[in-house]
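Hello,

Please find the structure below, with the sequence alongside.

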Amino acid sequence: MIERIVILDNVDPVDFYGVNNSHIQLIKNLFPKLRVAARGSVIKVIGEDEETAAFEKKIKELEAYCEKYNKLPEEVIIDICKGREPQQMKGDDVIIYGVNGRPIQARNQHQRDLVEACQQNDLTFALGPAGTGKTYVAIALAVRALKNREVKRVILSRPAVEAGEKLGFLPGDMKDKIDPYLQPLYDALEDMVPAMKLKEYMESKTIQIAPLAFMRGRTLNDAVIILDEAQNTTTHQIKMFLTRLGMNGKMIITGDVTQIDLPRSVPSGLIHALRVLKDVPGIGKVEFDKKDIVRHSLVQRIVEAYKRYDDQSTELT
């Protein structure tokens, strides 16, 4: 009899063990000759060498499934432990599987174009109105690259520009003042990464969320770097950000040139960068339109109404 220790490296043990430890109890029942004890991310198993080795192999297969799909159904546990091929979840446009196994996928042609552009280019611009899923798809691609170990970290950034409210009036220290600007990025991550795993990523700085000003002086290797709301950068800020790209890095810039919150006298860095970089090879660009809006159907009508108003105002002047 020997004791073997199996470590769960890539999944939240709570998800792996199941509600009231139902998953680990099922696994114990499927290996009746072994004594199994689980605590935290450590599973101890006692039995004959050949059987404990087979147990470890099956645990690692279950862990890989749970990491990919963020869920571990009982039928999958039974199939893998009995040596059968588990049924794979289907979806041609699936980017990753989010919390509770929800598929996160490209929902229209322009989102599919963004996925393809990011695969083919190290720098991609995603442009379009609010609600088209630009940022959401970009973050999903970054999380997928991290889970597939194509990169070592994900860095998400936004310019801290007020849209009518003043930063100084927010309570708390600098982090407390900045966090509301970054909340949409946190919201997307919480859809895609289980809570315990996300906390681990954030504490280890595997996933970093920071205002644009914190990017100066850094060289970002082995990373996916996303700049959201880039229309609110100045020309100097976006140049600084673009030159942070390091070896084995990918950069995605998202923005909506119709929602610029900079003072009228300050030109948008995004518009300037698109002009400067238009003939540079290795840069992709995907333009979304109001038909791509995937929020509430009313959002599309609101965007259309504002566009008609702006067009009429331009004609009158």
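Aromatic pairs

A search of the whole structure turns up four aromatic pairs. Here the rings of Phe, Tyr and Trp (its six-membered ring) pair if their centres lie within 6.5 Å; planes under 30 degrees apart are called stacked, over 60 edge-to-face, and the rest tilted. F16 and Y17 make an edge-to-face pair, with 6.0 Å centre to centre and 75° between the planes. Both F16 and Y17 are buried (buried is under 20% relative accessible area, exposed over 50%, partly exposed in between, with a 1.4 Å probe and protein chains only).

Y69 and Y97 also form an edge-to-face pair, at 4.6 Å centre to centre and with 65° between the planes. Y69 belongs to helix α3 (residues 49-69) and Y97 to strand β4 (residues 94-97), so this pair ties together parts 28 residues apart in sequence. Helices (H or I, at least four residues) and strands (E, at least two) are DSSP runs, numbered from the N terminus. Y69 counts as buried at 2% relative accessibility, and Y97 counts as buried at 7%. Ring pairs also link Y65, Y69 and Y97 into a cluster.

A note on the basis: this is a predicted model, in which local features need pLDDT of at least 70 and side-chain atom pairs count only at pLDDT 80 or more, while totals for chains, interfaces and linings use all residues. Residues are numbered from 1 along each chain as its sequence is written, and side-chain values use heavy atoms, with hydrogens and water left out.

Cysteines

With a disulfide taken as a pair of cysteine sulfur atoms within 2.5 Å, the count comes to zero disulfides. C66 is in no disulfide; its nearest cysteine sulfur, that of C81, is 13 Å away. C66 counts as buried, at 3% relative accessibility. C118 is buried too, with a relative accessible area of 9%.

Positive phi

R149, a residue other than glycine, has a positive phi near 60°. R149 sits in the loop between α6 (134-147) and β7 (153-158), and is exposed, with a relative accessible area of 52%.

D222 is not a glycine either, yet its phi is positive, at about 50°. The loop between β8 (207-211) and β9 (223-227) holds D222. D222 is partly exposed, with a relative accessible area of 24%.

Regards
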